[in-house]
Structure formats: C-alpha cells, structure tokens
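Here's a quick briefing to keep open beside the viewer. Have a look at the chain first, then read on.

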Amino acid sequence: MPWGSWESYPQYLDYLASRKFAIDVGSMITHGAVRNYVMGGIDRANEAPTAGEIDRMAAIVEEALGAGALGFSTGRVTGHRTIHGQSVPGTFAEEAELTAIVQAMQRAGHGVLQAILVFVAPLMLPEYPAALLSVARYLAFGLIALPMAWFGRARLSQHRCCPIR
C-alpha cells in the first residue's frame, strides 16, 4: 500500500475501492491511528487529551462509520507496542474518551466496538467500564491470554459487568 496516499478514513476507503480484490474487504477504524493523528504524533499519543481532542476523535470515528467502516477497535494490551517501543496510542484512554467515541458510534447508527482484552483469571473485562459496554450497539472481543493454564479457572459467566449466557 502506498502509505500517505490518504489522510481521512473516507479517502482510505476510496483507495481500497480503486483496487481489485479476490475477496470481500471490510475494515475498522482503530483507536491507535485516530489518537495518534489527533494528538499530533507519537510524542503526545499517550498523553491525556483535551476535551477538544476527544471531540475531534469522536468526529473522526463518526465520519469513518458514515463512510463505511465496520466499527471501531480499541485495546488495553500493555504489551502491544509501537515500532518505537511505546504503548500503542489508546491503551490507557480514560472513560470519557471511550464514552465519547461510543456515543459517536451511536450517532452513526451502526458499528461494532471491538475490544482487545488481556485475560486475567478469574475476570476478563475489568478495564472497560460497565457503562461503556452497556451502550455499545455490538461488541466483539479479542483475547490475549497467558499462561494457558488460566483458561480452566475462568468464571466469565459470573462477571458483574457482562454475564455470558
């Protein structure tokens, strides 16, 4: 891909539409990319955003969903690092930022909230506020788990936030 050929998510989708693929292609807008862009680069990407920067992130996500993004992806995996060794932007985002983004998804009327989780037995979702998860229209969870022995001790159905039935 010729990186830098687009700046906005709609421009990215236009680029994809100009290509020929043997399979169907769909994409999600990612928290790291949005936050890095709004915060002005990697040097500020993990700092606390201003209210205006949170509004701008939410607007970018809403625009992306309007253009055709399938959803928004975020994560709390502290081991997920940039090529410079820093935590991926968004890893430590506060509730206000995540809530503003989910509200943008609600305004757009569609979209999957994908949350990448770190498995810590016996709980799995302590890092995402219950209020945030309760307003998301659709949720998809990715899971990173170490050590494998923890799987047998999971009590996911008893989690106070998001019972699995």
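## Salt bridges and what surrounds them

Counting a salt bridge as a side-chain nitrogen of Lys or Arg within 4 Å of a carboxyl oxygen of Asp or Glu, you get four of them. Keep in mind that this is a predicted model, where local features need pLDDT of at least 70, side-chain atom pairs count only at pLDDT 80 or more, and totals for chains, interfaces and linings use all residues. Residues are numbered from 1 along each chain as its sequence is written, and side-chain values use heavy atoms, with hydrogens and water left out.

**Salt bridges, one by one**

- Glu97 and Arg35 pair up through their side chains, 2.8 Å from N to O. This one ties together distant parts of the chain, with Glu97 in helix α4 and Arg35 in helix α2, 62 residues apart.
- Buried here means under 20% relative accessible area, exposed means over 50%, and partly exposed is in between (1.4 Å probe, protein chains only). Glu97 counts as buried because its relative accessible area is 2%, and Arg35 is buried too, at 3%.
- Arg107 bridges to Glu62, with the closest N and O atoms 2.9 Å apart. Again distant parts of the chain are linked: Arg107 sits in helix α4 and Glu62 in helix α3, 45 residues apart.
- Glu62 is partly exposed, with a relative accessibility of 27%.
- Glu47 and Arg44 form a salt bridge at 3.0 Å, N to O. Glu47 is partly exposed at 38% relative accessible area, and Arg44 is partly exposed at 28%.
- Arg44 and Glu47 also belong to a salt-bridge network that takes in Glu53.

**Helix α2 and His31**

- Helices (H or I, at least four residues) and strands (E, at least two) are DSSP runs, numbered from the N terminus. His31 belongs to helix α2, which covers residues 31–39.
- His31 is buried, since its relative accessibility is 2%.
- The side chains of His31 and Thr74 make a polar contact of 2.7 Å. A polar contact is a pair of N or O atoms within 3.5 Å; within protein, one must be able to donate a hydrogen and the other to accept it, and residues adjacent in sequence count only if both atoms are side-chain atoms.
- Contact in general means heavy atoms within 4.5 Å. Leaving out residues up to four places away in sequence, His31 touches Phe72, Ser73, Thr74, Pro89, Gly90, Ala93, Glu97, Leu98 and Ile101.
- Which residues of α2 are buried? They are His31, Gly32, Val34, Arg35, Val38 and Met39. Down the axis of α2, these buried residues fall within an arc of 165 degrees, so they line one face of the helix. The arc is taken from the directions from the helix axis to the C-beta atoms.
- Packing against the buried residues of α2 are β1 (29–30), α3 (51–67), β2 (71–75) and α4 (95–108).

**Nonpolar core**

- A nonpolar core is a set of buried Ala, Val, Leu, Ile, Met, Phe, Trp, Tyr and Cys residues joined through side-chain atoms within 4.5 Å. The largest has 21 residues, and Tyr9, Tyr12, Ile29, Val34, Val61, Phe72 and Met105 touch the most other members. Elements giving two or more residues to this core are α1 (9–17), α2, α3 and α4.
- Beyond neighbours within four places in sequence, Ile29 is in contact with Tyr9, Val34, Ile60, Val61, Ala64, Ala69, Gly71, Phe72 and Ser73.

**Ala48**

- Ala48 lies in the loop between α2 and α3 and is exposed, with a relative accessible area of 66%.

**Whole chain and confidence**

- The protein has five helices and four strands, running α-β-α-α-β-α-β-α-β from the N terminus.
- Of its 165 residues, 39% are buried.
- pLDDT is the predictor's confidence in each residue, from 0 to 100. The protein's mean is 77, with 70% of residues reaching 70 or more.
- Confidence is highest in α3, at a mean of 97, and lowest in helix α5 (residues 130–135), at 59. The pLDDT is below 50 over residues 147–165, a stretch with 23 contacts in the model beyond near neighbours in sequence.
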